[in-house]
Amino acid sequence: MAPKDISRRVFVGDLTAAGLAFSIVPRHVLGGRGFLAPSDRLNVACIGVGGKGESDVKGVSEAGATIFALCDVDLQSAESSLRRFPQAKRYRDFREMLDKEARNIDAVSVTTPDHVHAAATMMALRMGKPVFCQKPLARTLHEVRTVMDQARRSKLPTQMGNQGHTGEGTRQIREAYEAGMIGKIREVHYWTNRPIWPQALDRPTEAHNVPPYLDWNLWLGPAPERPYNPAYAPFRWRGWWDYGTGALGDIACHAMDAAFWTFDLRFPSRIEPETTQLYPETAPKSSRVTYHFPARGDRPEVKVVWRDGGLWPARPVGLPDQMDWPYGDVGGQLWIGEEASLMADCYGDGAWWLAKSGARALADSPPPQKYPRSPGVYREWISAIKGGSAPGSTFDGHAGPLTQMVLLGCIAVRLGKDVEVDPETGAITTPGVPEEYIKPTFRKGWSL
């Protein structure tokens with residue numbers, strides 16, 4: 001039987017009566033932190049296994065975990081993962097999966113649209129399960145802060161899927177800066193090829209039948225009810241504020257990561273948005289967002305400029321004539337220092353050092369190694385579950401603050417005006433921000 005022909009009853013197995021609740025004692029409580037089954041088998045349940053979820057499932061498996069269960073609301077998108085792991089149990093509703101398999105799973109991965117990240121992550125953390133969640137950590141500031149608080153209380157291994165943070169390039173960039181190769185930094189510029197999905201749209205009015213392979217009610221999850229339309233799913237959800245976070249939310253958790261980590265940026269004091277025409281429900285076609293970060297310690301004030309929708313900065317001084325501009329297939333970053341500039345792609349890879357004396361690939365003459373290298377975003381997480389050191393992008397340590405910084409920019413874009421922020425707390429001090437931009441209302445059955 002092909003996965004797309006599997007009925008809902010077969011897919012979720014023989015479920016217990018609706019509404020059945022029971023008390024779960026997590027394995028890590030029974031055997032101490034890092035405890036696994038006697039066979040040392042680590043069973044992972046994966047929520048969202050198509051699209052990016054397919055590569056996350058594969059990555060978790062290759063890192064040494066057993067794919068115990070797969071859950072997806074879209075059988076067509078999930079088909080490749082279902083075929084790759086035929087032994088895995090199959091579900092469509094992650095709530096049913098976590099309830100039924102709580103005693104059998106050791107950890108959970110979450111690769112859903114942004115609006116479901118927090119609901120799935122919170123349920124798993126409250127059940128005592130370590131969680132890997134794709135970026136951005138959640139869709140709104142309230143959700144991010146709720147997840148951070150729960151992760152802090154749970155003390156479980158968590159990791160966000162901003163894989164560039166584990167990369168060689170990100171470490172070399174920080175090492176180059178700290179070795180004095182660039183000098184003091186006062187400006188950082190970013191650009192991206194996003195959006196690669198439709199944006200700047202009004203809500204569609206035409207009626208469409210839900211495809212037979214998609215459970216639309218489960219896809220909506222905590223979001224407000226609305227009729228199905230192919231303008232939302234699959235993939236096109238990123239541009240809709242009810243489900244995604246636009247180009248900034250999609251890529252900035254990758255692109256801004258190295259500077260956020262290197263400079264300890266935390267929260268800005270002011271954000272200035274410039275956009276094409278604004279729409280009530282979708283992100284604009286193009287935006288330029290300028291973050292102002294106050295001086296901190298020995299670091300001077302830093303201006304960070306984000307561009308999307310076909311905008312990019314001027315070609316940097318010192319870039320060899322034979323090199324194309326803009327740099328990077330998905331996007332890039334340019335750090336402008338007092339001594340030189342540094343350019344890399346949005347993941348921190350392919351870095352170039354640009355100076356008056358010449359230009360060279362950073363990998364050809366790297367700075368002294370200062371920071372330990374990572375085995376990768378999935379192996380960091382799996383190793384931590386088995387008793388190793390904490391991952392680099394934990395929810396309460398790195399991922400949550402990084403995502404909050406990004407989402408503050410999304411709010412400025414939606415408002416279409418400057419936003420003032422308390423740089424110590426991240427609280428927005430500009431009046432008139434709609435509550436739903438910060439703390440959304442969830443449908444019954446999906447509250448955090």
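Which helix gives the most to the lining of the second largest cavity? It is helix α13 (residues 395-415), with 4 residues, where helices are DSSP runs (H or I, at least four residues) numbered from the N terminus. This is a predicted model, in which local features need pLDDT of at least 70, side-chain atom pairs count only at pLDDT 80 or more, and totals for chains, interfaces and linings use all residues. Residues are numbered from 1 along each chain as its sequence is written, and side-chain values use heavy atoms, without hydrogens and water.

The second largest cavity holds about 100 Å³ of space, and the structure has 3 cavities of 30 Å³ or more. On a 1 Å grid over the protein atoms alone, a cavity is a set of points where a 1.4 Å probe fits but cannot get out, while a pocket is an open set with protein on both sides within 12 Å along at least five of seven lines; lining residues have an atom within 4 Å of a point. Grid points are joined across faces, edges and corners, and a volume is the space filled by probe spheres set on the points. Among the residues lining the second largest cavity are Arg-139, Trp-241, Leu-407, Arg-414 and Tyr-437.

The largest pocket has a volume of about 760 Å³. Of its 43 lining residues, Gly-50, Thr-111, Thr-112, Pro-113 and Trp-237 are the closest to its centre, and α6 gives the most to this lining, with 4 residues.

As for confidence, the mean pLDDT (the predictor's confidence in each residue, from 0 to 100) of the chain is 92.

Notes:
Helix = DSSP H or I, 4+ residues; strand = E, 2+ residues; numbered from the N terminus.
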